Each structure stands twice: as C-alpha cells, then as structure tokens.
Amino acid sequence: MAAGDVALMRVPLASFSDGSEAVPSSSYRKLTKPEGYTFQNRFVGDYLLYGTGSGWGYLRTVDRSSLYVVHWAEGDAHELSLAHGVDRIEAMGSDAVVVGTDGKDLHFTAVLLGESAEVADSYTRKGASQGELRSHGFFYKPDGPTSGMLGLPISVPGRPGYRHLFDESASILFLRNELLHFQEVGELSAQPERAADDACRASCDDWYGNARPLFVRGRVFALLGYEIVEGTLNEGRIREMHRISYAPQRLTTSRR
C-alpha cells in the first residue's frame, strides 16, 4: 500500500552532502491528495503525474477517478477525469499513457503533455486485466516523434493484481499510437497447456517478470512463461510467425 499526504520536493544538487542535513520545509510544495491507497506516480518530461487505482489488491469498481498532472518547474497543476483507476503511468514519447481498470475492463488513456495537459484518446479492452503490474511488463517502441507501438501483458477479467505472481498471462496486447490515438494491432497468445511444471527451474510466475513485450532490431516478440513468440505486422495486424518453448522436457525411465 502507498497512501498519505502528497508533496513535491525540489532541492539543488549542490545541497546533497553526507545526509546529516535536513531538507527545509520551503523545499516542499503541498499537492492535492488523491483518494485511495495505491498511489502511483511518474515523471514524464516537465510533468509529474499521479493518482490511485487498484494496484496489487482486488479490483476496485470505479466510474470516475482523477489523474493529477503538475508542471514541476512552473507549478501549474491540472486534474483530469478518467473512466478508470490509475494502476500504471508510462512515458509514450513526450506524452504519457495511463493504464487502469474500472473493475471489469482494462483501459488505456493517452495524455497530451504540451503547454497544458489534457486527455487525448482512450482505448478499452473488454474483459481483461493487466497480466503483469511490475514496470518491465510495459514497453513502448517509438518509430517517430508522435507514433509507435506499445505492448502489455493481459489476463482474465476481474483478477486481483497480486495474481500476476502466480498466474500466467494470457497474451501480450499490442496497440498502435498515431498522434495519441490508439488502434489495436492484435495479440500474441500463450499456450500454457504445453508447458510442464518444472518447480521453477527454467521459469516461474513469481520471478521478476516472465511476461513482457520485446522489440528487437525491427522484430516483435512476446515472452510468455516458457515460450517466446515472434509476430509480424501485416496490413496493420500482428500475426504469429514462430513459437519456441524452453520448458524442460519430462524425463522418463525405462527398464532394460
């Protein structure tokens, strides 16, 4: 859990020393305290973005929540209304994307960070939840100043956040960003029924991330448990090309 009052602290680098000095109260700027106890925050460019969502707990049903956007140098503050909680804040070029649930669906909201902050677009993945809440589960690959593709593991709807430590992700969802407008590219899916439980010798759900998108030298991959799946873009859709499993094979014995 993370909750409490919120402040923005700014100190000059020259004030760093051996840690014996206290930061003066004048270095703190009090910010609006959001409701909730799963505080998320991220610096993107000249802005600090923060809010609360469901986090690693049970999904919280929400109709509206607030995303707070603060220009940390000039002091301008904005409160943006979202149709979902704030469970993940990521940089998307010079702008941001906020990911969260409303209790049943997974939402992606693009936030324009220019002279001011505003909601630009949103995408809803019906009946899904995040398959990985840790930072490495998300990746955004830009291919221009205002365009690129993002990937994020997703799983079944209504799954409490902590279940990503124990359950496999169903697939990696890929979205295309074009001028802060989202278009679904498709998914690369797992085939967990083909993997044998090896007592965490080769892979494990609660290791530091066994599901993530990978963009390598113009190629697109999905790491899903014991499998690495490669996809290719064809007419704006991603399709599976190859699949490799590194799951240990079951050992059998025979009597001669």
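## Salt bridges between strands

Arg176 is partly exposed, with a relative accessibility of 25% (buried means under 20% relative accessible area, exposed over 50%, and partly exposed in between, with a 1.4 Å probe and protein chains only). Asp143 forms a salt bridge with Arg176, their closest N and O atoms being 2.5 Å apart (a salt bridge is a side-chain nitrogen of Lys or Arg within 4 Å of a carboxyl oxygen of Asp or Glu). Because Asp143 lies in strand β12 (residues 139–144) and Arg176 in strand β14 (residues 171–178), the pair ties together parts that are 33 residues apart in sequence (strands are DSSP runs of E, at least two residues, numbered from the N terminus).

Arg219 forms a salt bridge with Glu230 at 2.9 Å between the closest N and O atoms; Arg219 is partly exposed at 43% relative accessibility, whereas Glu230 is buried at 8%.

## The open sheet

The strand order β16-β17-β18-β19, with antiparallel pairing, describes an open sheet of 4 strands (two strands pair if DSSP finds at least two bridges between them). Its edge strands, β16 (211–216) and β19 (237–245), each pair on one side only. Strand β18 (residues 227–234) is joined to β19 by 8 bridges, and the two run antiparallel.

## Basis of the values

This is a predicted model, in which local features need pLDDT of at least 70 and side-chain atom pairs count only at pLDDT 80 or more, while totals for chains, interfaces and linings use all residues. Residues are numbered from 1 along each chain as its sequence is written, and side-chain values use heavy atoms, with hydrogens and water left out.
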